[in-house]
Amino acid sequence: MLDKIERVLDEKVRPTLRLHGGDIEVLSFEDGVLRFRFLGQCSGCPSATLTTEQLVEEEVCSALREVKQVVLVQKVSDSLLAQARAILNHG
């Protein structure tokens, strides 16, 4: 199943993301739920939720009936987390 997902991403999703300096990484597929994260310029982009709904979910769910839901997993970068800790510790 992961090979099928990667094929859809390669054909339908990655070309658009690469135009914006980004990419996508599949984290897991379990019980019909695809979890992924954006990479590059798409990581942390304010439009990430919209991109998830309009591009990733639409393309993957329409191509593969086994995929029922697409979930964007966002992670805060270590440097941003360190900045937040520094602010909170000095506040």
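## A guided tour, starting from a pocket

Begin at the second largest pocket, which has a volume of about 160 Å³. A pocket here is found on a 1 Å grid over the protein atoms alone, as an open set of points where a 1.4 Å probe fits, with protein on both sides within 12 Å along at least five of seven lines, and its lining residues have an atom within 4 Å of a point. Grid points are joined across faces, edges and corners, and the volume is the space filled by probe spheres set on the points. Rolling a probe the size of a water molecule over the atoms shows where empty space is left.

Before going on, keep in mind that this is a predicted model, in which local features need pLDDT of at least 70, side-chain atom pairs count only at pLDDT 80 or more, and totals for chains, interfaces and linings use all residues. Residues are numbered from 1 along each chain as its sequence is written, and side-chain values use heavy atoms, with hydrogens and water left out.

**Select the lining.** Helices (H or I, at least four residues) and strands (E, at least two) are DSSP runs, numbered from the N terminus. By class the lining has six nonpolar, five polar and no charged residues, where Ala, Val, Leu, Ile, Met, Phe, Trp, Tyr, Cys and Pro count as nonpolar, Asp, Glu, Lys and Arg as charged, and the others, Gly among them, as polar.

**Select Phe38.** Leaving out residues up to four places away in sequence, Phe38 touches Leu17, Asp23, Ile24, Ser43, Ala48, Thr51, Thr52, Val56 and Leu72, with contact meaning heavy atoms within 4.5 Å. Phe38, Val56 and Val60 have the most contacts inside the largest nonpolar core, which has 19 residues. The elements that give two or more residues to this core are H1, strand S1 (22-30), strand S2 (33-40), H2 and strand S3 (69-72), and the largest share, five residues, comes from H1. Such a core is a set of buried Ala, Val, Leu, Ile, Met, Phe, Trp, Tyr and Cys residues joined through side-chain atoms within 4.5 Å.

Thr52 lies in helix H2 and is buried, because its relative accessible area is 7%. Apart from neighbours within four places in sequence, Thr52 is in contact with Phe36, Phe38, Glu57, Val70 and Leu72. Asp3, in helix H1, counts as exposed because its relative accessibility is 62%. Asp3 and Val70 are 67 residues apart in sequence and 16 Å apart in space, C-alpha to C-alpha.

**Now show the whole chain.** Three helices and three strands follow the pattern α-β-β-α-β-α along the sequence. Of the 91 residues, 26% count as buried. The chain averages a pLDDT of 90, pLDDT being the predictor's confidence in each residue, from 0 to 100. Among the elements, helix H3 (residues 78-90) has the lowest mean pLDDT (81) and H1 the highest (97).

Definitions and conventions
Buried < 20%, exposed > 50% of the residue type's maximum accessible area, 1.4 Å probe, protein only.
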